[in-house]
Amino acid sequence: MSVDSLITLLIALIVIPAALVPYVRHVRRTESRARRKFEEARIAGLQAAVSMHPHINAMACIGCGGCVDVCPEGDVLGLIDGKAVLVHGSKCVGHGVCAEACPVGAITMMMAAPGRSADLPILNENFETNVPNLFVVGELGGMGLIKNAITQGRKAVEHIATRPRATSKDAYDVVIVGAGPAGLSAGLSAKAGRLKYALLEQGDAGGTILQYPRRKIVMTSPVDLPLWGKVKLTEASKETLLDLWQQVLVKTQLTVNTNEKVLDISSAGGRFVVKTGIREYPARHVVLALGRRGTPRKLGVPGEGLGKVTYRLIDAETYKDCDVLVVGGGDSAVEAAVGLALHGTNRVTLSYRKAEFTRLKERNARRLDEFKKKNAVNVVLNSNVKEIGEKEVQIETAEGVRALPNDYVFIFAGGEMPFEFLKKTGIKFQKQVVA
């Protein structure tokens with residue numbers, strides 16, 4: 001062996017281990033962390049998904065970690081034994097960016113298996129329920145994410161457009177109930193497909209977005225909107241999105257029947273009759289694009305009917321120098337508590353019935369920790385509201401009942417789906433067994 005070859009070999013023996021050892025250590029630390037998170041989620045009953053989530057084909061997965069890196073929720077996926085694994089399924093909200101990032105197509109998005117969902121209607125691949133010609137899209141079907149809601153609304157109506165049209169002159173090809181992102185997308189698709197449609201909304205166009213706090217950041221990603229084109233917003237405030245919807249409505253001349261609440265949906269003679277407080281709409285197909293927030297879940301405690309109690313926060317800046325109680329353990333509750341504490345004049349208490357927050361977005365968990373350390377938000381875990389009075393609230397804690405001075409109460413206990421209304425139409429649901 002020549003001297004040059006020997007020198008080259010020696011350099012290789014030095015350089016390669018120097019580069020390889022740190023990498024191996026990093027991989028081992030990352031995998032160890034993923035295993036720990038996986039076990040914690042399994043013990044807490046949070047490993048399984050409750051709605052749309054990634055399904056990983058282990059045979060195709062090459063363990064590149066791209067899916068782990070792009071997930072905006074954090075810790076949903078992890079690498080274990082060189083393969084991507086669903087670690088914290090309950091945190092997944094179905095962004096689908098992991099599937100887009102996978103270079104070998106090893107990830108597909110799918111709904112949670114029956115029995116593992118949060119009372120979701122049973123749908124097929126076209127978002128059709130067990131009732132023929134009756135579709136469910138968006139938040140009601142478990143997909144509150146704007147991009148997914150828009151996509152579902154479009155795909156459902158594009159599928160409807162392949163079917164025979166309404167035969168009666170006074171009948172509609174499709175009636176769409178709800179004018180949030182899913183409903184607007186469905187309406188635009190119906191207009192683009194030259195279907196005879198009616199788009200009904202009990203409030204104003206915008207749906208659930210109208211209930212978001214002022215300037216709330218809504219995560220979305222580029223998506224195609226029928227008759228408009230690509231929407232390239234990656235982060236957008238509530239105001240930006242609502243302004244976009246108005247521009248879309250003006251440009252496309254989409255007709256939305258606002259302030260018209262649907263009271264009943266019946267079927268007879270191979271068609272539906274959608275009844276509102278104004279008129280009846282005979283239709284061949286119906287698309288339900290309802291939100292889950294329309295009917296807030298109540299606590300059922302004395303004093304809940306007082307005017308100072310509300311179930312959404314529109315503008316945190318209107319509340320100053322107040323004693324405020326926020327009830328709930330989800331993202332909406334944390335965002336409201338932080339928003340109310342931002343300018344530093346309010347005394348904010350966040351009450352949650354469980355021992356820890358388990359389903360928060362990473363950014364919300366970080367912000368709450370920051371505000372707790374600054375004593376800007378007083379967090380009371382393992383607590384339940386016992387009674388709401390004019391000037392104070394009674395909270396039951398492990399140490400006993402506490403009386404807190406109070407001016408306003410914000411309750412974020414989730415939304416009650418209109419089960420009776422939907423079950424009356426014959427829609428079947430997956431039963432909830434997830435704690």
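Predicted model: local features only at pLDDT ≥ 70, side-chain atom pairs only at ≥ 80, totals over all residues.
Across the chain, the mean pLDDT is 82, and a value of 70 or more is reached by 78% of the residues. Residues 114-118 are a stretch in which pLDDT stays under 50. For residues 114-118 the model has 20 contacts beyond four places in sequence.

Strand S2 covers residues 77-80 and strand S3 covers residues 83-86. The two strands run antiparallel and are joined by four bridges. Within this pairing, isoleucine 80 has lysine 83 of S3 as its bridge partner. S2 and S3 form a hairpin with two residues between the strands. In this hairpin, aspartate 81 adopts a positive phi near 55°.

An open sheet is built from three strands, arranged in the order S19-S20-S21 with antiparallel pairing. Its edges are strand S19, spanning 384-388, and strand S21, spanning 400-405, each of which pairs on one side only. On average, and with direction ignored, neighbouring strands of the sheet are turned by 30° against each other. Strand S20 comprises residues 392-397 and runs antiparallel to S19, to which four bridges join it.

Definitions and conventions. Residues numbered from 1 in each chain as written. Heavy atoms only, no water. Pairing = 2+ DSSP bridges. Axes fitted to C-alpha atoms, helices over the stretch in contact; angles between N-to-C directions. pLDDT = per-residue confidence, 0-100. Contact = heavy atoms within 4.5 Å.
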